[in-house]
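Hello,

Here is the structure I promised to pass on to you. My notes on what I found in it follow below.

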Amino acid sequence: MFDIKAPIEPGQSAAGIRIGTPAREILSHGEPQQTDRFRETDKLVFPFVTLWVRDGRVQQVAVRAPYEGRIGDQIGIGSTVKDIESTLGKVVQDKEDNLTVTGS
């Protein structure tokens, strides 16, 4: 179901899951280990991927070890903020408490 080595495409995809993918497609491959609901958003926790789903579609993808995918073969699990800033740009915290790269 998830691709542990798929590249990370900021704002687009990780683990082979694209933003906007219908949740039913993902759930047809297996159930999450944990599901939480926050307001209008479902949080689906799988072994190395967490998905946030709103209105039946993936809104956000988070990955964690042992995920091996990277951004441009350089940035991945274990990269520091300094690594990210020197490669991709300034890191800022958004209104939802996510660390993001300015302009991405």
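The chain exposes about 6900 Å², and carbon and sulfur atoms supply 47% of that area (Shrake-Rupley method, 1.4 Å probe). Please keep in mind that this is a predicted model: local features need pLDDT of at least 70 and side-chain atom pairs count only at pLDDT 80 or more, while totals for chains, interfaces and linings use all residues. Residues are numbered from 1 along each chain as its sequence is written, and side-chain values use heavy atoms, with hydrogens and water left out.

Two helices and eight strands make up the secondary structure (DSSP runs, numbered from the N terminus: H or I of at least four residues for helices, E of at least two for strands). Along the sequence they follow the order β-β-α-β-β-β-β-α-β-β.

Gln 34 lies in strand 3 (residues 34–38) and counts as partly exposed because its relative accessibility is 39%. Beyond four places in sequence, Gln 34 touches Lys 43, Leu 44 and Val 45 (heavy atoms within 4.5 Å). The C-alpha atoms of Gln 34 and Leu 44 are 6.1 Å apart.

Best wishes

How values were computed. Buried < 20%, exposed > 50% of the residue type's maximum accessible area, 1.4 Å probe, protein only.
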